[in-house]
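Colleague: I'd like to learn how to read domains and interfaces in a model like this. Can you walk me through it?

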Amino acid sequence: MARLAGRRLLFAAPILLVVTFGVFAIAAASPFDPVKAYAGTAALGADAETLERLRDNLGVDQPFTSRWWHWLTSAVTGDFGQSSVLRQPVAEVIGERLVWSSLLCAVAFLVAVLTGTVLGVLAGRRPGSLLDRVVTSAAYSLEAAPVFWLALLAVWLFALQLGVLPAGGLTDTASEQVTFRQVASHIVLPAGVLAVSQLPWFTLYVRQGVSDALAEDPVRGARARGLSESTVLLGHALRSGLLPVLTLVGSRVPELITGALLVESVFSWPGIAAATVEAATAVDFPLLAALTTLATAAVLLGNLLADLLYGLFDPRVKFSDM
Amino acid sequence: MTCEPTATSGPVWRSYGVSRRSTRTVRVRISAALVAATVLAVFLVPPLVQLDQQAVDLSSKLLSPSWSHPFGTDDLGRDLFLRCVYGLRVSLLVGAAAALTATVIGTAIGAIAGALGGRADRALMRLVDTFSSVPHLLLGIFIVAMFRAGVWPVIVSVALTHWLSTARIVRAEVLSLRARPYIDAAISGGASRWRVAVRHLLPAVLPQAALAAVLMVPHAMWHESALSFLGLGLPTHLASLGNLIQGARGSLLAGQWWPTLFPGLFIIVPTLAIAGLAGAWRERINPRRRSELML
Amino acid sequence: MTAPVLSVRGLSVRFLMPSGRRIAAVTDAHFDVAAGECLALVGESGCGKSVLASALLGLLPANAQAAGGAYLGDVDLLAADERTLARTVRGRLIGLIPQSPAAHLTPVRTVRSQLEETVVALTGTRGRAAVRQAAEAAAERAAFPAGHLDHHPHELSGGLAQRAATALALIGNAPLLLADEPTTGLDRDLVHHTVDELRRQVDVGRRALLVITHDLAAAERIADRMAVMYAGRIVEISDATAFFGLPGPRHPYSRGLLGALPERDFIPIPGMPPELGDLPDGCAFAPRCERATPTCTTLPAAAAGLVCHHPHVTEDLRA
């Protein structure tokens, strides 16, 4: 297992290299001007000499390949440069916000997996039944719905109409500290919406896995032995049917990140996804580059996790074969 | 088990289950009808209705749905139904352009990878894997941020993140075709590889590529609305569905739900209809594999 | 005479295909199995034997229809609803040893966990230690080695998987054992071993055993009575010694089956069995039978465990 992890990490390195290279290449091909971005409106009024010095500092006249290399070598040591908009080291910006994003994603993911599994089992145990058709139609419809639209409607319903949950932010506007209760009440809507957007995939895959498993020999054998239907469903059909879902769970990281990007924007959640949008609007290149790299690393980690789970949970598979 | 009486004094048969009739044909028909309705609405309503969807009428600001305005009006008094129809047109056009671009790129790369094989194939597939490691929206946001918002950056950003699945499908198709005897025969008969590629491989690959393009339109629409919603997509005056939702944020906080709800529905319904129809098409041209879901 | 454990009367099973076609998998099966007795149901692949087994357990698919009666004690197996079948019949009144035993076990769970689960479901045993012990005892009853209990089904050899399936079938102490092709894929020694084990359950445990097989040699070793199935019908039921020895089988098909064995004449029966969806009106074997006459276009009446217009009767053999 450690060897598999090691091999995967080894393969991850070139991908990260190519991605970061691509990021710098795109920046070089774009009309993006790092000097203007750094200096902001002040660049308009500055004299040629200051601009020249800035150009030198930022290495603008060097080819993007050397800028990339320079960035890469510092990044490996943990220095991702300075955010041009927030005037803070990028590493600091990310560090402050990463925990909130992780909290949101973790809660949402957990809720989505659990609820999705329950719904999938309920739908899959009697394919074609009324419950199955309702669950399946709802799942396909939710999948088609943009998550930011769901978020807005959720705000309208729960925060404005019913008034039971806060409309955004991490804490109430009046409070000065971050308490557990505040965070707990503020995380319900964003995590709920994010969970609902990730839910359909789990529901549909679990449903497929369970209904397939129910038609196969191991379930026939279990039934023939006189086991109760709930034992057959949970101890046999679900166990076999959950396997493909488990192994694909890690591949859902990109969708989770995308969802988080939109949910954090709507709810003003102080995570890195919200920072990404701000960075994009203000064209904060150092922050954007770092965030893209981080997101790619997260996706690769997710894939590794998927493979590890597969090897762990399916007794027919050996790590040496993977 | 239910008992079924027989006409003569023959055996009394008992059933073991209710074979449920498939609702697939009904679903396909509904999807087809919705797609037709979408196309009609988008292309026929504007010339027929003759109303200027941009006309500002502040006296009918933010009216809730009623008979004269079935979807209500927005914050500048414009009829929301019309706005949604125009918005759908913009979103569909941008989505279709992006899907087409993505398909062209994906088909080219997939075909080259499949046709050349060997190291070129492996290198290109590595490229595909690399691209799929970056979350779509993030890469899209990055490209739009660098190139500034506008129609073409949006189309390019959506296309650059969505060509991957087409490349994989086309490559698989080309690989299976290469093995067929008639290709070998053509090449050994003296036809140049280029000729073989254009006359044989390309036509065979087209149905799959076309299907992939159609399936991609909803994704592209979704992606564009997300970008527009974040303020990084199409310019606001183009009023795509994403722009409409973004513009409705202010009214939502004041309690008016319809400027937000209806544009969203206009994204969902065509998405489901196109996906349903394309899914049925896919089942006809591909052998069915049980564990695959059309997600 | 004691009442038989299993009494099957006029059992028929048909499948309704989407095209509207009807497949008559089993037609009018009539037989009894008594305690301490082994009945072997033999026939070529695709003749409907396994469908009969599924019908007895109520495990037929949704497009199946059954008619007739199958009586096990007080229970009419065909009329019983799913609840009765799940709670009183399966595992408790009938112990099934399925075909391809490893495929009928859940691959992600160990043999031990599946044994323990069945112990908990079928017996009143509670408590981790007691259940564990009971499971190990069950494994031993079928000669399944304790060292392999923590393996997964795909890690078991054919013979071990067979024993695991037998162990599971015996947990409920069912009066009727149903073994579906217990010797497929096993080599000769293992075949003998397996059928001897099964016979032991009959003799020692006083159970009734219905063995479904196409392996006539194995049937000869274990059976008290033989039932021969062709194209969904049971065409002959005879005493095993009379079947394999003298005077021999009475139905021409059974004669043909025995004659096809390498140990005997090694002459195959000409032709192919008919499609179950396309059965002729009269005797289904007539096209391949050397004794066929125009009478055979009508269905023969069942008489003394035989369905044939021109059976091999003792007078013929004396001649």
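Modeller: Start with chain C, which is split into domain 1 (4-93 + 175-279) and domain 2 (104-173); such bounds come from an automatic or database domain assignment. This is a predicted model, where local features need pLDDT of at least 70, side-chain atom pairs count only at pLDDT 80 or more, and totals for chains, interfaces and linings use all residues. Residues are numbered from 1 along each chain as its sequence is written, while chains are lettered from A and ligands numbered from 1 in the order in which they are written.

Colleague: How many residues does each domain of chain C put into the contact?

Modeller: Two residues are in contact if their C-beta atoms, placed from the backbone, lie within 7 Å. Here domain 1 of chain C gives 9 residues and domain 2 of chain C gives 9 residues. On the domain 1 side, helix α6 (residues 188-205) of chain C supplies the largest share, 3 residues. Helices (H or I, at least four residues) and strands (E, at least two) are DSSP runs, numbered from the N terminus.

Colleague: And between chains, how many residues of chain A are in contact with chain C?

Modeller: Interface size is often given as the accessible area lost when the parts come together. Counting contacts instead, 21 residues of chain A meet 24 residues of chain C. On the chain A side, the elements giving two or more residues are α10 (217-224) and α11 (229-249).

Colleague: What is the secondary structure of chain B?

Modeller: Chain B has 10 helices and 2 strands, in the order β-β-α-α-α-α-α-α-α-α-α-α along the sequence.
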